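Please look over the sequence and the model shown here before reading on.

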Amino acid sequence: MEQKRYGHFDDQHREYVITDPQTPWPWINYLGNEDFFSLISNTAGGYSFYKDAKFRRITRYRYNNVPMDNGGRYFYIKDGDTVWNPGWKPCKTPLDFYECRHGMSYTRITGRKNGVEASVLFFVPLKKWCEVQKLTLKNESNEVKQLKLFSFEEWCLWNAATDMENFQRNFSTGEVEIEGSTIYHKTEYRERRNHYAFYHVNTEIQGFDTDRETFVGLYNEFADPQAVIEGKPRNSHAHGWSPIASHYIEVTLNPGESKDFIFLLGYIENEQDEKFSAPQVINKKKAHALIAELDTTEKVDRAFDVLCAYWDTLLNIYKVKSGNDKLDRMVNIWNQYQCMVTFNFSRSASFFESGVGRGMGFRDSNQDLVGFVHQIPPRARQRIIDIASTQFPDGGCYHQYQPLTKRGNNDIGGGFNDDPCWLIFGTVAYIKETGDFTILDEMVPFDNQPGTEVTLFEHLKISMDHVIKNLGPHMLPLIGRADWNDCLNLNCFSWDPNESFQTTENVSEGTKAESLMIAGLFVVTGKDYVALCQKIGKTDEAARMQQAVDAMIDAVKKHGWDGEWYLRAYDFYGRKIGSNECDEAKIFIESQGWCTMAEIGAEDGMVAKSLDSCKKYLECEHGMVLNNPAFTKYIYEYGEISSYPEGYKENAGIFCHNNPWVIIGECLAGRGNDAWSHYAKILPSYVEEKYQTLHKVEPYVNCQMVAGKDAYKPGEGKNSWLTGTAAWMWYTVSEFILGIKPDYDGIRIDPCLPETAGDYTVQRKFREADYDITIHPNGSQKGVKSITLDGQPVTGTVIPYTPGHHTVEVTM
Ligand code: GLC
Ligand code: GLC
């Protein structure tokens, strides 16, 4: 069935163009690349923060509200009796034209009403702590227009968690200052904070408001603020309650005339002894300086050009030309973009993650790394050190850490036994991309405690050892609180709805639940670790670990095979999970993915059988579900996984994150047709074409979960943006499907394609080199026949690295 469409891709501008504001769900974008960040929906909803969405929230947002997506940066235009917003919301006055263009770290929203066009460009300039909102008003009518313009932002009282709950205090602490066209938010600045925020416009204002109740009216809404409806600002000065910032500007536009207004939402930190310029008066020097850098159209346009050039550079590192637009736009633009967003935000702030819950995940951040390491290796390096610093001396680690402090998060603690392996995964990816082995000698502490430093290599070693030292009765890895699947809680045993499945371990003594997912992960990362040891001359260590890897392979073959697929786990009592013997959830995807990536038992046909079983039991129209059949009841011994209704999340949802594991398994097995068909099912550009309404969430990025075949509405997406799916999709397509794989000594070329694939080229910058690689598949799914490098034949599949520009021809 043809579904309604709300927008389309504009590949030339690297934009997604939304043409109807009433998308099935707010379709958002992210602004900011380093310290200052904003979320912005297609109707200008969302919020801003500095570094940490919980502890430094700058503007307020209301989650899961009525109406949906309530709060943002709103411009109200009063033209006679008509009040409208360029992004349609919150007034929802029908517009003559609406368009939202989400681009690379910027969003442009344009509305037209009664002969006036209002276009707003939102972005965070590189290296600056502010959001620019460049509003262009244009009179397209034949009459002179007298417009009244009101801006609007609502301040969050910094800590986004207490902002939502501690009203007995909050309603008395709010403080602002007004100076010219700038409104300053300085709540708590008098005491322990050394930061404030401001909202500025580069023109004279004819009025303002800073008190929400006065501006909106206690019984009004954002859709009809009293001051706007009456066309009269109150010049209110907030004392407590809810401080806001609203400028009032009277604008006269002749026919054909247009005017720019630069609004700036900024964040400033002062030194302790420079906080005040006079008693109670904040020192505004830095704010003035920041404003001066961005107070004209020319300066703002230049900053925008710099941002665009930055994205050009990032997206020029890996470029494919395949003749298939749907593939090219994901590889060249959106998949890489989403990877960068997940790098910056981990799982903290989206329209599904409130920003007050999670910090940076140990496993999540390591996986995210493979999505952006080619673009910004120095930041990947720093990220690895930060992550490793939250490890414990026994190789275990905090499951999460806070980005502002970089400290491990005590609330959640550790005990997720897959976590340590991911450090090897991330580090190896970094070294292969950069050739920088010196990272292994970096001194890295435990639990951030100075004086405990050992080399990063030592951290990798104890990561491997952590698995080996925690084996269960079948010599398979103990699962701990959970492995990659946070919801398979085999030691939890909870009947108390107020307990967290993630942190409750009601039984820890004598724990023996084991994980086949960790077993596969251990073999995959173990092989990488062995190769790394060999590479750096640690042959004894390589041999020691090879033995452990071999033992693990044996254990999986002996105790982890169910006949047609790999088991998922053994529970606390040593009973099989994910077996034909089980009533429900007979087969799980995670162990199929990891054990096929590890190629365990390939020689005995296990890999092929496992992959076939994925097709037979897990695959459906929208991708592969996590387990099958779904759990229909809560199982005390399994925990959260069985808490979800059928077809959702970890209970037989299409958890997109793990589909690529099976796809890589397919690629290693040389089954290009199958790999491609799995891949295309969850590739946003394919979904975009068919299912905009059903899919519901943004069609330009992957979401964490699409409702599975057992769900009420199969194909409906949820939890878009912040998901390991981004990095895994990238890793899969760039290295295994298109087959351009960084290695220690060069680039390995080993594509795995559908038979229908035509010739394609990949331009790949790699260290100090530039490769133009042309692949001629000749109808073959796998297997490189010959390679030439600058016209000379190459033996093997690795093009040796040498700086400079090179042309590579590959025949399959
Ligand atoms: C979420 C978590 C990730 C976990 C996955 C499966 O995406 O961020 O760490 O592996 O769910 O439970
Ligand atoms: C819930 C979610 C899972 C996520 C976890 C993080 O269990 O189902 O996806 O990883 O919370 O705490």
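## Basis of the description

This is a predicted model, in which local features need pLDDT of at least 70 and side-chain atom pairs count only at pLDDT 80 or more, while totals for chains, interfaces and linings use all residues. Residues are numbered from 1 along each chain as its sequence is written, chains are lettered from A and ligands numbered from 1 in the order in which they are written, and side-chain values use heavy atoms, with hydrogens and water left out.

## Helices H7 and H19

Two packed helices are described by the angle between their axes and the distance between the axes. Helix H7 (residues 362-372) packs against helix H19 (residues 725-737) at an angle of about 45 degrees, and their axes are 8 Å apart. Helices (H or I, at least four residues) and strands (E, at least two) are DSSP runs numbered from the N terminus; axes are lines fitted to C-alpha atoms, for helices over the stretch in contact, and angles run from 0 to 180 degrees between N-to-C directions. H7 and H19 are therefore oblique to each other, given that angles under 35 degrees count as roughly parallel, over 145 as roughly antiparallel, 65 to 115 as roughly perpendicular and the rest as oblique.

The crossing of H7 and H19 is left-handed, a term used if the near helix is turned anticlockwise from the far one by less than a right angle, with right-handed used if it is turned clockwise. On the H7 side the contact (heavy atoms within 4.5 Å) is made by Gln367, Asp368, Val370 and Gly371, and on the H19 side by Ala727, Trp728, Trp730 and Tyr731. Sorted by class, the contact of H7 with H19 has five nonpolar, two polar and one charged residues, where Ala, Val, Leu, Ile, Met, Phe, Trp, Tyr, Cys and Pro count as nonpolar, Asp, Glu, Lys and Arg as charged, and the others, Gly among them, as polar.

The axes of H13 and helix H14 (residues 606-618) come within 10 Å and cross at roughly 150 degrees, which makes H13 roughly antiparallel to H14. This crossing of H13 and H14 is left-handed. In the contact, Ile589, Gln592 and Thr596 of H13 meet Val607, Ser610, Leu611, Cys614 and Leu618 of H14, and by class there are five nonpolar, three polar and no charged residues.

Thr596 is found in helix H13 (residues 589-597) and, at 0% relative accessibility, counts as buried; buried means under 20% relative accessible area, exposed over 50%, and partly exposed in between (1.4 Å probe, protein chains only). Not counting residues up to four places away in sequence, Thr596 touches Tyr566, Ser591, Val607, Ser610, Leu611, Trp661, Gly665 and Leu668. A polar atom of the Thr596 side chain also lies 3.1 Å from the backbone oxygen of Gly593.

## Other buried parts

Tyr267 lies in strand E19 (residues 258-269) and, at 0% relative accessibility, counts as buried.

Helix H16 (residues 672-681) has seven of its ten residues buried, so it is largely enclosed by the rest of the structure. The buried residues of H16 are Gly672, Asp674, Ala675, Trp676, His678, Tyr679 and Ala680.

## Loops and backbone details

A cis peptide bond joins Val66 and Pro67, with omega about -5 degrees, and Pro67 is placed in the loop between strand E6 (57-59) and strand E7 (74-79). Another cis peptide bond joins Lys89 and Pro90, with omega about 0 degrees.

Lys696, in the loop between helix H18 (692-695) and strand E35 (703-706), has a phi near 75 degrees, a positive value in a residue other than glycine.

Definitions and conventions. A polar contact is a pair of N or O atoms within 3.5 Å; within protein, one must be able to donate a hydrogen and the other to accept it, and residues adjacent in sequence count only if both atoms are side-chain atoms.
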